[in-house]
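Trainee: Could you take me through one part of this model slowly? I would like a close look at the charged pairs and what surrounds them.

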Amino acid sequence: MSPRRKPTVTVHHRAGGWVAPDYSDLADCSPNYHRGLKGELPCTGTVVWKVVEDYGLHMTIGFYCDADLPAKHRPQKTCQLADNCPNCPQQSVQPAAEYRGDTQVSHLYRCPACGVTWSTNRDRQAYGEAA
């Protein structure tokens with residue numbers, strides 16, 4: 001059995017909100033299903049975040065209001081970006097390489113402990129950078 005592949009994650013921000021997949025209205029916050037299971041009230045905020053996780057053979061898309069965006073996808077507040085290794089307990093791995101496109105910034109990481117490599121793609125506008 002091969003090791004589980006860490007997905008390539010792309011985070012997008014749209015201040016006006018995202019349209020539902022059936023184009024009927026604005027998208028519903030993805031955590032609302034889990035909120036309902038817990039008996040909590042649904043999120044009524046505008047869904048301004050879209051998180052795409054590409055696993056190679058399949059892809060997941062989640063829509064989030066600002067309050068429900070998972071911490072791991074939150075914009076970084078510092079210039080230094082770091083990530084945790086998907087293969088071992090190593091934390092705060094610094095990027096080995098960076099590419100800045102017109103709308104996205106990509107980082108390539110290599111774990112100093114186990115040698116595994118992975119990448120991230122982030123929407124520049126979502127992270128406060130001019131596109």
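**Salt bridges and their surroundings**

Mentor: Happy to. The structure holds 3 salt bridges, and please keep in mind that this is a predicted model. Side chains of opposite charge can pair when their charged atoms come close.

Let's start with Asp83 and Lys6, whose closest N and O atoms are 3.0 Å apart. How exposed are the two partners? Asp83 has a relative accessible area of 16% and is therefore buried, as the cut-off for that class is under 20%. Lys6 reaches 28%, so Lys6 counts as partly exposed.

Next come Asp68 and Arg35, which meet through their side chains at 2.8 Å, N to O. Asp68 is in the loop between β3 and β4, whereas Arg35 is in helix α1, so this bridge ties together parts that are 33 residues apart in sequence. Both Asp68 and Arg35 are buried.

The remaining bridge joins the side chains of Glu98 and Arg100, with 2.9 Å from N to O. Glu98 is partly exposed at 45% relative accessible area, and Arg100 is also partly exposed, at 40%.

While you have the loop between β3 (59–65) and β4 (95–100) on screen, find Asp66, which lies there too. Its side chain makes a polar contact of 2.9 Å with the side chain of Trp49. Leaving aside neighbours within four places in sequence, Asp66 is in contact with Thr46, Val48, Trp49 and Arg74. Asp66 has a relative accessible area of 42%, so this residue is partly exposed. Cys43 is 23 residues from Asp66 in sequence, and their C-alpha atoms are 9.9 Å apart.

Thr10 is at 12% relative accessibility and so counts as buried. Not counting residues up to four places away in sequence, Thr10 touches Lys50, Val51, Val52, Gln104 and Asn121.

Finally, there is a nonpolar surface patch of about 330 Å², made by Val19, Tyr23 and Leu26. Leu26 is placed in the loop between β1 and α1 (32–37), and at 42% relative accessible area Leu26 is partly exposed.

Conventions: Residues are numbered from 1 along each chain as its sequence is written. This is a predicted model: local features need pLDDT of at least 70, side-chain atom pairs count only at pLDDT 80 or more; totals for chains, interfaces and linings use all residues. Side-chain values use heavy atoms; hydrogens and water are left out. Buried means under 20% relative accessible area, exposed over 50%, partly exposed in between (1.4 Å probe, protein chains only). Contact means heavy atoms within 4.5 Å. Helices (H or I, at least four residues) and strands (E, at least two) are DSSP runs, numbered from the N terminus. A polar contact is a pair of N or O atoms within 3.5 Å; within protein, one must be able to donate a hydrogen and the other to accept it, and residues adjacent in sequence count only if both atoms are side-chain atoms. Patches are made of residues with over 30% relative accessible area and no salt bridge: like charges are joined within 9 Å, nonpolar side chains (Val, Leu, Ile, Met, Phe, Trp, Tyr) within 5 Å. Accessible areas come from the Shrake-Rupley method with a 1.4 Å probe; for residues, only the protein chains shown count as cover. A salt bridge is a side-chain nitrogen of Lys or Arg within 4 Å of a carboxyl oxygen of Asp or Glu.
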